[in-house]
Every structure is written in C-alpha cells, then in structure tokens.
Amino acid sequence: MVTIEADLAQQLMIVRYRGHITEGEAQKAINEAPSILAKLEKGFRLLVDLTELEKMDVACAPSVEEVMDLCQAKGVSDVVRVIPDPSRDIGMQIMSHFHYDSGVHIATCDTMAEAMSLLSE
C-alpha cells in the first residue's frame, strides 16, 4: 500500500510505502499526488517512509519517478527518507540525481525519530 498525506502546518508531504507495492498501487499514488501537492506551498518538505516496505515491483519505478518530478515542479526544498534496512532502498538515491535539482537537500535516516529530528530543525 502507498499512502500520501499532507501536514499543512509543517508544509510536509508524507509518502509511506507498506508491504508489497505493485505497479497499480504506485500508479494510484501518482493520481493522489497532485491534489496533495496543491495544498502545499513552494519550499515544502517531503518525508518518504520505507519502514514497512517489504518489496516493490520494478515496474513501479516510472511511477516513483513521476511523483519525484511532480514534487520538483511544485518546489520541494527538502527530502527526508526513512530507510531502516539498506536493502529497502529501491533506487531512490540514484533516481534523485535525475529528478531533483541540486538545490534540494536530501537526507536518509535509519529511524522515524531521526527523520523527525531533522525535519524539526
């Protein structure tokens, strides 16, 4: 399952990946992203939580990249990822180089507590 939500008070978009993500679930995220992004202002931050990710089908990559592009176009300033197990990094680090410009600050954390600490700075 992929969920996307916005914390408007913190100007934060939160994307959570849980379980086994299929192409259809990733496509659903693309459909939801524009309405969430419309609520946020330029300079918003993005939190990506892979804590409960078990597996993501390779066919999901274009959908993940499209959400990255939508965030870039809206003006994301910071991306914080929670990846407790390096084997769960589904290529987001590499994709970031192609879908976010050099002004976007990107951090990877082992825990949600670490991510929230970074976001509170």
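The buried residues of helix α3 (residues 92-99) are covered by elements that include β2, β3 (45-56), α2 (61-74), β4 and β5 (105-109); helices (H or I, at least four residues) and strands (E, at least two) are DSSP runs, numbered from the N terminus. The model is predicted, so local features need pLDDT of at least 70 and side-chain atom pairs count only at pLDDT 80 or more, while totals for chains, interfaces and linings use all residues. Residues are numbered from 1 along each chain as its sequence is written, and side-chain values use heavy atoms, with hydrogens and water left out.

On the scale of pLDDT (the predictor's confidence in each residue, from 0 to 100), the protein chain has a mean of 92, and 99% of its residues reach 70 or more. Confidence in the chain is highest in strand β4 (residues 78-82), at 96, and lowest in α3, at a mean of 82.

Which residues of α3 are buried? They are M92, M95, S96 and H99, where buried means under 20% relative accessible area, exposed over 50%, and partly exposed in between (1.4 Å probe, protein chains only). Viewed down the axis of α3, these buried residues fall within an arc of 110 degrees, so they line one face of the helix; the arc is that of the directions from the helix axis to the C-beta atoms. An α-helix has 3.6 residues a turn, so residues three or four places apart point the same way. Exposed residues I94, H97 and F98 sit on the face of α3 turned away from its buried side.

H99 deserves a separate look. Its relative accessible area is 16%, so H99 is buried. Neighbours within four places in sequence aside, H99 is in contact (heavy atoms within 4.5 Å) with E65, M68, D69 and Q72. The side chains of H99 and D69 are joined by a polar contact of 2.6 Å; such a contact is a pair of N or O atoms within 3.5 Å, and within protein one must be able to donate a hydrogen and the other to accept it, with residues adjacent in sequence counting only if both atoms are side-chain atoms.

The loop between α3 and β5 holds D101. With a relative accessible area of 42%, D101 is partly exposed. Its side chain makes a polar contact of 2.9 Å with the side chain of Q72, and a polar atom of the D101 side chain lies 2.8 Å from the backbone nitrogen of G103.

A nonpolar core is a set of buried Ala, Val, Leu, Ile, Met, Phe, Trp, Tyr and Cys residues joined through side-chain atoms within 4.5 Å. In the largest one, of 31 residues, M13, Y17, L46 and C71 touch the most other members. At least two residues of this core come from each of β1, β2, α1 (23-37), β3, α2 and α3, and α1 gives the largest share, six residues. Apart from this core lies another of eight residues, among them I14, V80, V82 and L119.

Strands β1 (residues 2-7) and β2 (residues 12-21) pair in the antiparallel sense over six bridges, where pairing requires that DSSP finds at least two bridges between two strands. I4 stands opposite V15 in β2. The two strands form a hairpin with four residues between them. In this turn, Q11 has a positive phi of about 50 degrees although Q11 is not a glycine. Q11 counts as buried, at 18% relative accessibility.
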